[in-house]
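This briefing is for a reader who is meeting the structure for the first time. Please keep the sequence and the 3D view at hand while reading the grouped points that follow.

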Amino acid sequence: MTTSKAEESGEAREGKKRIPIVSDLFTVPSSADDKPRLIGCRCQQCGEVFFPGRLICAQCGGEEMEEAFLGLRGNLYSYTVMRIPAPGYKGAIPYAVGEVELAEGLLVHSVLTECDPEKLQIGMPLEMVLAEVEKDEEGNEVVTYMFAPASYWGEQR
Amino acid sequence: MREVAVIGVGMTRFGRYEEKSILDHGREACRGALKDANIEWREVQIAYCGATQQGITPGTRVLAELALTGIPVITVDNASASGASAFREAYMAVATERVDVALAFGVGKMGRMLPSEVSSDPAEQKLMKANVGILPVTFFAMRMKRRMNDYGNTIDQFARIAVKNRRHGSLNPFAQFQRPITLEDVHNSRMICDPLTVLHCCATGDGGAAAILCSMDKAAKHVSKPLITVAASASSTQPYRSRNFPGPDKATLAAHDVYQQSGCGPWDMDLVQVHDAFTVEEIDFYELLGFCEEGEGGRLIDEGVTEIGGRVPFSTDGGLLARGHPMGPTGLAQIWETVIQLRGEAGPRQVEGARVGMCHIIGFGDVSFAHVLKR
């Protein structure tokens, strides 16, 4: 993972594909107009939202869940700059990790695309992007979700 | 339910022991507790072992070092709270008159615990894989930052917790770390994830701890020291919090129960042991356990309230930060310290006139255990 801007389009360079690091947790858009989303679920009985998805509603006990696409936007609830790599992490050090409050009210966690503490502030708006974790044997990009400063943030400051 | 006495405690000095196994630590801790209780192993009628990530049925493997005697031996795993779980089960076995004499012990030999080792379930591993780059320590650094944002806590306040607990630990021959440290030492130690440096975290280590519990009539036959009794025992799990948001924490339910059971409130405690794996946790617990309002925790450490010699000392044996945290035995090390203090045997770290002590501990997976012991 790098801290450079992540690409939005489904096709990586040179005809290689973008492959999610795990399946059914987030979408990998196929066109430049689509944004990546987290795949959670919503209880059809009480409306509670969950990420990751689950089978039984923890709020009301209902068992009718529908897929919910989350994570377009959020605010930075907290963050830290990691100085040591977690096992399996292959990107540049230092890197930032954030606690993100999604627009749906859920708290999720991810690496952030921005790691300069001068540019991070609790409460700042974020948007979800996909970023490369590593390349597989065929040269495809293996990606996961991260959060980046919202593209309109710079203009508003 | 009848009253239960804690008649003996034993522990090993927590630390790194390449050559020793949990069999060694468990044998040493159990023999220590039996000797302290002036009771024979063959008089114990049930045994509970608190352990996590130590392989299959560590309880029977350890007790085979003494000899299996035919009594029931149960291993319980509640992560960091395993030892306290074992203690609670032993307490319940005696309190409900199932047995007269029970052994609770904990063992642990902790390597570096990786997130992937926490669960081997593919569904649980999924999120961890997608979140590659995030460690357990990351969450505590983010918690510190959030407290600094919400309540104006300073890095010095968190560092003071480490300094205090290391000072307490230096007065405890069984603590893993015996050398006091300064604020400077904390700030200058290696940065892991800002603002959290190495000295804000407890270290991994190995060890064992044990306690013998029995009925009051049996207790009088074995010990002449002041009788220490269990005034309250409770456990709880963190109820589902909507949208995964932080809120009143898993600590409060079990703590509330023991305050009710014992008839003692927070400020009636002469000493308190908590799960201070990270400095920020102890400040959180000042609030969660009802010693002050939300956001006020920094004031308690600033004013020396929770030092030995202050109004209500916390982590008198050095806590997880200084005494160590092999996970399985930790909850029983809290009990060990409380019993030693209530007996007046704590030497240079003695809390004057200690009569009532609380042990509170949490475990990964949102479990919480609380006990109140009194003389």
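Arg299(B) is partly exposed, with a relative accessible area of 37%, and its salt-bridge partner is Glu296(B), with the closest N and O atoms 3.2 Å apart. The model described here is predicted, and over all its chains it holds 27 salt bridges.

**Salt bridges in chain B**
- Glu296(B), the partner of Arg299(B), is likewise partly exposed, its relative accessible area being 33%.
- Arg143(B), Arg147(B), Asp284(B) and Glu287(B) are joined into one network by salt bridges that share partners.
- Another pair is formed by Glu28(B) and Lys20(B), whose closest N and O atoms lie 3.5 Å apart; Glu28(B) is partly exposed at 40% relative accessible area, and Lys20(B) also counts as partly exposed, at 27%.

**A salt bridge in chain A**
- Arg73(A) forms a salt bridge with Glu127(A), with 3.0 Å between the closest N and O atoms.
- This pair links distant parts of the chain, since Arg73(A) belongs to strand E5 of chain A and Glu127(A) to strand E8 (residues 125-135) of chain A, 54 residues apart.
- Arg73(A) is partly exposed, with a relative accessible area of 35%, whereas Glu127(A) is buried, with a value of 16%.

**Helix H6 of chain B**
- Helix H6 of chain B covers residues 136-151, and its 16 residues reach 23 Å from the first C-alpha to the last, which is close to the 22 Å expected at 1.5 Å a residue.
- Buried residues in H6(B) include Val137(B), Ala141(B), Met144(B) and Arg147(B), and Arg147(B) is also a member of the salt-bridge network.
- After H6(B) comes Gly152(B), which has a positive phi, near 70°.

**Where chain A meets chain B**
- The contact takes 42 residues from chain A and 28 residues from chain B, and the area buried between the two chains is about 3200 Å², with carbon and sulfur atoms giving 65% of that area.
- Between chain A and chain B there are zero salt bridges, while eleven residue pairs are in polar contact.
- Several strands of chain A, among them E3 (49-50), E7 (107-112) and E9 (141-149), each supply at least two residues of the side that touches chain B, and E5(A) gives the most to that side, with six residues.

**Cysteines**
- The count of disulfides over all chains is zero.
- Cys30(B) is in no disulfide, the nearest cysteine sulfur, that of Cys49(B), being 8.0 Å away, and Cys30(B) is buried, with a relative accessible area of 0%.
- Cys214(B) is in no disulfide either, the nearest cysteine sulfur being that of Cys30(B), 16 Å away, and Cys214(B) counts as buried at 0% relative accessibility.

Methods. Residues are numbered from 1 along each chain as its sequence is written. Chains are lettered from A and ligands numbered from 1 in the order in which they are written. This is a predicted model: local features need pLDDT of at least 70, side-chain atom pairs count only at pLDDT 80 or more; totals for chains, interfaces and linings use all residues. Side-chain values use heavy atoms; hydrogens and water are left out. Helices (H or I, at least four residues) and strands (E, at least two) are DSSP runs, numbered from the N terminus. The expected span of a helix is 1.5 Å times one less than its number of residues. Buried means under 20% relative accessible area, exposed over 50%, partly exposed in between (1.4 Å probe, protein chains only). A disulfide is a pair of cysteine sulfur atoms within 2.5 Å. Contact means heavy atoms within 4.5 Å. Buried area is the accessible area (1.4 Å probe) that two parts lose on being put together, summed over both. A salt bridge is a side-chain nitrogen of Lys or Arg within 4 Å of a carboxyl oxygen of Asp or Glu. A polar contact is a pair of N or O atoms within 3.5 Å; within protein, one must be able to donate a hydrogen and the other to accept it, and residues adjacent in sequence count only if both atoms are side-chain atoms.
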